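Let's take a friendly walk through a protein chain. Have a look at the sequence and the 3D view before reading on.

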Amino acid sequence: DQRQPQAANRLVIVGAVGLAWPSGTPLVLPVAATAVAALGLAPVHRLARSRVNRWLYGHRDDPATVLASLARELSRTADLDTTLARICTSVASTLRQESVEVRADGPDGSVSVQIGDPPDGNTWELPLRFEGRRIGSLRLWPRSGERLAARDARMLQGVADAAGIAVHAALV
């Protein structure tokens with residue numbers, strides 16, 4: 001729960017301000033100063049956290065941006081190899097993934113495109129589907145120790161669903 005660390009941080013700030021204030025000062029002054037500081041720093045903290053998250057994880061917190069980027073990339077292509085390459089590029093850049101692979105399972109066999117060198121270890125694989133039929137997969141290799149949160153899984157499934165439509169169109 002995010003509220004517990006925030007409450008502890010506020011208590012530390014109140015305590016520090018109380019210790020730094022000269023003795024004999026009415027209690028209302030350090031409390032008011034602490035409230036003003038906390039209210040002023042909260043937006044700065046949110047902005048800094050948002051920027052750091054975007055730098056580290058790309059647009060995971062904004063699925064619409066990820067899907068819009070993928071749609072822009074896919075609107076400029078029709079052949080299978082270019083479609084797979086653009087899916088890889090879009091997913092890697094918007095989600096800050098070092099290695100991504102997209103595979104299409106067509107009537108003539110499988111075709112895959114991969115960017116980056118996958119590290120050993122954990123992989124996230126999502127099916128690409130069209131009309132309920134599996135037509136390929138999207139694979140990502142997370143950073144060491146990185147876990148796939150439920151909201152990340154939902155966002156990635158949305159990306160895989162959109163990619164499935166594009167791969168199907170390129171296969172036919």
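Helices (at least four residues) and strands (at least two) are DSSP runs, numbered from the N terminus. This is a predicted model, and its protein chain holds five helices and four strands. Reading from the N terminus, the order is α-α-α-α-β-β-β-β-α.

Some overall figures for the protein chain come next.

| Property | Value |
|---|---|
| Buried share of the 172 residues | 29% |
| Share of contacts with a separation of 6 or more that join residues 24 or more positions apart | 57% |

Now find helix α4, residues 80-95. From first C-alpha to last, its 16 residues reach 22 Å, close to the 22 Å expected at 1.5 Å a residue. Among the buried residues of α4 are Leu80, Leu84, Ile87, Val91 and Leu95. In an α-helix there are 3.6 residues a turn, so residues three or four places apart point the same way. Just after α4 comes Arg96, with a positive phi of about 55 degrees.

Which residues have the most contacts inside the largest nonpolar core? They are Leu128, Leu138, Leu140 and Val167, in a core of 25 residues. Two or more residues of this core come from each of α4, β1 (100-106), β3 (124-130), β4 (133-140) and α5 (150-171). In soluble globular proteins, nonpolar side chains tend to be buried together.

Methods:
Residues are numbered from 1 along each chain as its sequence is written. This is a predicted model: local features need pLDDT of at least 70, side-chain atom pairs count only at pLDDT 80 or more; totals for chains, interfaces and linings use all residues. Side-chain values use heavy atoms; hydrogens and water are left out. Buried means under 20% relative accessible area, exposed over 50%, partly exposed in between (1.4 Å probe, protein chains only). Contact means heavy atoms within 4.5 Å. The expected span of a helix is 1.5 Å times one less than its number of residues. A nonpolar core is a set of buried Ala, Val, Leu, Ile, Met, Phe, Trp, Tyr and Cys residues joined through side-chain atoms within 4.5 Å.
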